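Please look over the chain shown below before reading on.

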Amino acid sequence: MTREEKKTIIESLTEKFKETPHFYITDASGFTVAQVNTFRRMCYEKGVEYRVYKNTFIKQALNNLDADFSELDSVLKGFSGIIFASETANLPAKVIKDYRKKAGSKETRPVFKGASIDSDVVIGENNLDMLASLKSKEELLGEVIGLLQSPAKNVISALQSGKDTLAGLVKTLSERES
């Protein structure tokens, strides 16, 4: 591979990191070609992209960014693949867990190395469950809207259910004053 080709790959990877707010770094070493293809297909079906890069390319591309990703240097060893997610931060974690579940109870690959969620770095396999349980922006907005609508619905419901009682109460009070 020539220097120009390497430079082109690093530039395109840098752009990909800039465009994508969430990415996960995994280790899928030991996968057969069929397993890698199954995992890629699963990623594609869920709306995320899985690509394999050399660790030196990943390091150089991360160094080209404004944010500090030096924490990820420690995980960039061995075989590294990157899962890019444009919108939902927890989707790659869910894809990894789904793949493992479908592959069998003993499957631990791909191994989660680290992730960047809106420039926040998370490292270690032990954080995968936490990342998978994060709520998406849409889920959080739905909950907030539901909470905001709840008091108004309760007031309207109380007024509607007690309209006969309320009318009777007003009538009684008006008769009492006369």
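This is a predicted model: local features need pLDDT of at least 70, side-chain atom pairs count only at pLDDT 80 or more; totals for chains, interfaces and linings use all residues.

**Packing around helix 3**

The buried residues of helix 3 pack against helix 1 (3-19), strand 1 and strand 3 (81-85).

*Helix 3*

- In helix 3, which spans residues 55-63, the buried residues are N55, F57, I58, A61 and L62.
- Because these residues cover an arc of only 160° around the axis, they lie on the same side of helix 3.

*T26 in strand 1*

- Strand 1 is made up of residues 22-27, and T26 has its place in this strand.
- T26 counts as buried because its relative accessibility is 0%, and the cut-off for buried is under 20%.
- Leaving aside residues up to four places away in sequence, T26 touches Y50, F79, S80, G81, I83, I96, P110, V111 and K113.

*The chain as a whole*

- The chain contains seven helices and five strands, and their order from the N terminus is α-β-α-β-α-β-α-β-β-α-α-α.
- Of the 178 residues in the chain, 34% are buried.
- Among contacts in the chain with a separation of 6 or more, 77% are between residues 24 or more positions apart.
- The chain has an accessible surface of about 11,400 Å², and carbon and sulfur atoms account for 54% of this surface.

Key. Residues are numbered from 1 along each chain as its sequence is written. Side-chain values use heavy atoms; hydrogens and water are left out. Helices (H or I, at least four residues) and strands (E, at least two) are DSSP runs, numbered from the N terminus. Buried means under 20% relative accessible area, exposed over 50%, partly exposed in between (1.4 Å probe, protein chains only). Contact means heavy atoms within 4.5 Å. The arc is that of the directions from the helix axis to the C-beta atoms. Accessible areas come from the Shrake-Rupley method with a 1.4 Å probe; for residues, only the protein chains shown count as cover.
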